[in-house]
Amino acid sequence: MKTINSISHFHRLLSLPEPLHPLISVIRVENIQLTEEFSSENFLFNFYSVSLKRDVQAKIKYGQQYFDFDKGVMSFIAPKQIQSVEVMDLALESQQSGKGYALLFHPDFLYGHPLATTIKQYGFFSYTVNEALHLSEKEETDVVDIFQRMERECQHIDRHTQDILIAQLDLLLKYSNRFYERQFLVRKSVNNHLLTRMETLLQDYFDNEETLKNGLPTVDYLAGELNVSPHYLSDMLRTLTGQSAQQHIHEKLIEKAKQYLATSNLTVAEIAYELGFGHPQSFNKLFKKKTNMSPLKFRQGFN
């Protein structure tokens, strides 16, 4: 596992000159020449990366799957995420890495600015490679314009540089968030299928009494079964339904609890254990929060 601690180190691995600023850099993808040291090895950054790429003659490996970037897409990588690159052409010195831009910035660059905190709210930094953002022609034009402005600003450093670059970065992330929401809606039929599969998974989980063996279903469990990342699942559901994945789990949980309360002789504590709660108090608290009444009061309405 190779850890790339600095942007300067990453530049060297890509056969690029030293960045003018140690904490931020904009790279033109066509200038990249991958070195032997960089290829076919797992690595992780200690900085953020936002890239727009097309026509890349290499495949990114995430887990056991490979994904290519032969069409224009954006990808977002947070510090500490493990990746690897497998170059298809063995003649690395002549390997063309495609076209586009890569923005690299260290978390330290954001210190003292609100973006240091708000960047953690952008779930797409936790998406997997196959959940990349596919841009329309107009969207790509807008994104390229921001990359080019940041590239020009990186050419000189003065007391205004950080504020100007962070303002552009903030704009880039806000546009990306908007474009992801558009992608969720455009792919509504595919995502509705994903929603249906998730509902079936939850129903089967409760019907097969998996809660007794494994406890409450989690967002990580659902995402793993659906082959998507937890953040992508929640963001997609929030766009389509207004609810996160955790809220969907709670909704199904309350539905099953009401069924037990209305049709069985199980005590409230027994129902709590049947549903996977470790403590009946936790079940009571969630039920009351979601229905504005206690489980016992709900049951009394059927007597």
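Author: Leaving aside residues up to four places away in sequence, Leu233 touches Leu194, Met198, Val219, Leu222, Ala223, Leu226, Val228 and Ala245; contact means heavy atoms within 4.5 Å. Keep in mind that this is a predicted model, where local features need pLDDT of at least 70 and side-chain atom pairs count only at pLDDT 80 or more, while totals for chains, interfaces and linings use all residues. Residues are numbered from 1 along each chain as its sequence is written, and side-chain values use heavy atoms, with hydrogens and water left out.

Reader: Which residues touch the most other members of the largest nonpolar core?

Author: Met74, Leu103, Phe125, Phe147 and Leu233 do, out of 68 residues in that core. Helix α4 (residues 161-186) gives the most to this core, with eight residues.

Reader: Why is Ser75 called buried?

Author: Ser75 has a relative accessible area of 12%, so it counts as buried. You'll find Ser75 in strand β7 (residues 73-77). The C-alpha atoms of Ser75 and Glu131 are 8.3 Å apart, although the two are 56 residues apart along the chain.

Reader: What makes Arg149 partly exposed?

Author: Its relative accessibility is 28%, so Arg149 counts as partly exposed. Arg149 lies in helix α3 (residues 137-153). Not counting residues up to four places away in sequence, Arg149 touches Gln168 and Leu171.

Reader: Why are α5 and α8 called roughly perpendicular?

Author: The axes of α5 (residues 188-207) and α8 (residues 230-241) come within 11 Å and cross at roughly 110 degrees. Angles of 65 to 115 degrees count as roughly perpendicular, under 35 as roughly parallel, over 145 as roughly antiparallel and the rest as oblique. So α5 and α8 are roughly perpendicular to each other. On the α5 side, the contact includes Leu194, Leu195 and Met198, and on the α8 side it includes Leu233, Met236 and Leu237. (Axes are lines fitted to C-alpha atoms, for helices over the stretch in contact, and angles run from 0 to 180 degrees between N-to-C directions.)

Reader: What makes α9 roughly perpendicular to α11?

Author: Helix α9 (residues 245-263) and helix α11 (residues 280-291) pack at about 100 degrees, with axes 11 Å apart. That angle makes α9 roughly perpendicular to α11. Among the residues in contact are Leu253 and Ile254 of α9, plus Phe283 and Phe287 of α11.

Reader: Now the rings. Why is the pair of Phe124 and Phe125 called tilted?

Author: The ring centres of Phe124 and Phe125 are 5.5 Å apart and the planes are at 40 degrees, so the pair is tilted. Rings of Phe, Tyr and Trp (its six-membered ring) pair if their centres lie within 6.5 Å; planes under 30 degrees apart count as stacked, over 60 as edge-to-face and the rest as tilted. Phe124 and Phe125 are both buried.

Reader: And why are Phe124 and Tyr180 called stacked?

Author: Their centres are 5.6 Å apart and their planes at 15 degrees, so that pair is stacked. Phe124 lies in the loop between α2 (115-118) and β10 (133-134) and Tyr180 in helix α4, so the pair ties together parts 56 residues apart in sequence. Both Phe124 and Tyr180 are buried. A search of the whole structure finds 22 aromatic pairs.

Reader: One last thing: how do you know whether Asn292 is buried or exposed?

Author: Asn292 has a relative accessible area of 69%, so it is exposed. Asn292 sits in the loop between α11 and α12 (295-300). Its phi is near 65 degrees, a positive value in a residue other than glycine.

Terms used
Helices (H or I, at least four residues) and strands (E, at least two) are DSSP runs, numbered from the N terminus. A nonpolar core is a set of buried Ala, Val, Leu, Ile, Met, Phe, Trp, Tyr and Cys residues joined through side-chain atoms within 4.5 Å. Buried means under 20% relative accessible area, exposed over 50%, partly exposed in between (1.4 Å probe, protein chains only).
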